[in-house]
Amino acid sequence: MSEKMKKGIYILPSLLTCGNMSCGYLSILSSIDGDFTKSAWFLVLAVAFDMTDGRVARLTKTTSEFGIQLDSLSDLVSFGLAPSVMMYQLVLSSMGKVGMAIAILFVLCSALRLAKFNVHAQDGVVHSSFMGLPTPASAGLLLSFVLSYELFADPGQSLSFKTIPLLMKSMPLFFKTMPIVMVILSLLMVSSIPYYSFKKMNLSKPKTFRLLVLVVLLFFLMITFPQNIIFILFSLYVFSGLVGIGVRYYNAYKKRI
């Protein structure tokens with residue numbers, strides 16, 4: 001950051017950040033009660049708060065050192081602890097100490113990812129993309145899986161929502177591989193793999209007609225298949241970093257030969 005970080009406390013973005021943390025805590029309570037669908041929806045709301053607080057702070061020019069620290073603490077609760085507890089209660093508890101270790105690894109890597117981000121922010125290091133998988137994205141993949149899996153696990157509930165059959169058939173397999181998925185997500189968070197930063201998007205600038213069509217189509221799909229599309233979007237984002245680094249290594253290999 002080129003300008004010196006402000007040290008004041010700004011009410012509006014801080015309230016939004018506190019909303020993020022509150023949703024994370026409510027998600028943990030819901031997971032303990034065994035209501036995983038409610039737990040996942042609380043995390044969806046936490047993601048919405050997280051996307052809003054930073055943008056509000058930038059638009060109102062109220063970005064502060066206090067806000068960055070509070071945001072990281074909130075993210076640790078909502079996107080580190082909450083999804084870890086949710087997946088431990090749903091999947092990992094049956095694995096004994098191994099499941100507990102995987103759940104702890106996810107929380108620790110979330111904390112390390114957030115600490116690294118804070119250090120870069122305080123040192124004025126500016127990246128065009130995120131270095132490592134952002135914690136909201138890793139939590140987003142887990143919560144969106146829970147939302148889709150609950151529809152598969154409860155046939156009565158699935159009648160209330162439209163689903164994508166091919167995706168729903170893969171849910172049991174994804175459930176079985178969840179421990180491996182959580183380890184991979186943990187490692188991606190502490191990696192240096194670049195991920196696209198939506199914070200750099202400027203919605204005030206003119207966009208192409210194709211982008212408008214894509215947004216309208218995405219909005220239609222989101223309304224039609226809400227849980228499934230959320231899962232697909234987070235999955236594509238997680239894979240985007242891996243694909244990007246793969247393409248980069250492939251291009252470097254082609255240049256050498």
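Okay, so first: the model is predicted, so local features need pLDDT of at least 70, side-chain atom pairs count only at pLDDT 80 or more, and totals for chains, interfaces and linings use all residues. Residues are numbered from 1 along each chain as its sequence is written, and side-chain values use heavy atoms, with hydrogens and water left out.

How confident is the predictor? pLDDT is its confidence in each residue, from 0 to 100. The mean here is 83, and 85% of the residues reach 70 or more. Helix α8 (residues 178-189) has the highest mean among the elements, 96, while helix α6 (residues 155-158) has the lowest, 47. Over residues 155-160 the pLDDT is below 50, and that stretch has four contacts in the model beyond near neighbours in sequence; contact means heavy atoms within 4.5 Å.

Now the overall layout. We have ten helices and two strands; these are DSSP runs numbered from the N terminus, helices being H or I with at least four residues and strands E with at least two. From the N terminus, the order is α-α-α-α-β-α-α-α-α-β-α-α. Of the 257 residues, 42% are buried, and buried means under 20% relative accessible area, exposed over 50%, partly exposed in between, with a 1.4 Å probe and protein chains only. Also, take the contacts between residues at least 6 apart in sequence: 81% of them join residues at least 24 apart.

On to α1, residues 11-32. How far apart are its end C-alpha atoms? They are 31 Å apart, which agrees with the 32 Å that 22 residues should span at 1.5 Å a residue. The expected span is 1.5 Å times one less than the number of residues.

Which residues of α1 are buried? Among them are Pro13, Leu16, Cys23, Ile28 and Ser30. The cover over the buried residues includes α2 (36-59) and α3 (65-90).

Serine 30 lies in α1 and counts as buried because its relative accessibility is 7%. Leaving aside neighbours within four places in sequence, serine 30 touches Asp35, Lys38, Ser39 and Phe42.

One last thing: just after α1, glycine 34 takes a positive phi of about 85°. That's it from me!

Note on methods. pLDDT = per-residue confidence, 0-100.
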